[in-house]
Amino acid sequence: EKLINHLIEHGVNGIFILGSNGEFHVIDEDEKIEMTKRVVEIVNKRVPVYVGTGCCSTRATVRLSQKVEAAGADAIVVSNHGGRVLDQCPATAEVL
């Protein structure tokens, strides 16, 4: 919360969570929704909130995108997981 407020007070043009860096790929869907809700609450419409929704499958990406939109995200960002090993994705692990 302090970091978000600091960034906004110092002139950022938006807050982007769950991008393609960090541990976004090991956070489950419910945690991503809760994180989105919390960030949207903290930001309180002062700047746009962008949420990364790229998943290992199209179906999961669409589902998460709809849920974060309902949670108040201003925009979604869908990126592939180019740095991930295929067997790390739950959607493909069963096939392998």
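Modeller: Strand S2 and strand S3 (residues 75–77) pair in the parallel sense over three bridges. Two strands pair here if DSSP finds at least two bridges between them. Helices (H or I, at least four residues) and strands (E, at least two) are DSSP runs, numbered from the N terminus.

Colleague: What can I trust, and how are residues numbered?

Modeller: This is a predicted model, where local features need pLDDT of at least 70, side-chain atom pairs count only at pLDDT 80 or more, and totals for chains, interfaces and linings use all residues. Residues are numbered from 1 along each chain as its sequence is written, and side-chain values use heavy atoms, with hydrogens and water left out.

Colleague: Which residue in S3 is the bridge partner of tyrosine 50?

Modeller: Alanine 75.

Colleague: And which strand does S1 join?

Modeller: S1 (residues 15–17) runs parallel to S2 (residues 49–52), with three bridges joining them. Isoleucine 15 sits opposite valine 49 in S2.

Colleague: What do S2, H3 and S3 make?

Modeller: A right-handed β-α-β unit. Right-handed means that, with the strands pointing away from the viewer, the path from the first strand over the helix to the second runs clockwise.

Colleague: New topic. How many salt bridges does the structure hold?

Modeller: Five. The criterion is a side-chain nitrogen of Lys or Arg within 4 Å of a carboxyl oxygen of Asp or Glu. One of them pairs lysine 67 with glutamate 29, at 2.6 Å from N to O. That pair links distant parts of the chain: lysine 67 is in helix H3 (residues 58–70), glutamate 29 is in helix H2 (residues 29–43), and they are 38 residues apart.

Colleague: How accessible are lysine 67 and glutamate 29?

Modeller: Both are partly exposed, lysine 67 at 35% relative accessible area and glutamate 29 at 22%. The cut-offs are under 20% for buried and over 50% for exposed, with partly exposed in between (1.4 Å probe, protein chains only).

Colleague: What about glutamate 34 and lysine 37?

Modeller: Their side chains meet in a salt bridge too, at 3.7 Å from N to O. Both lie in H2, three residues apart.
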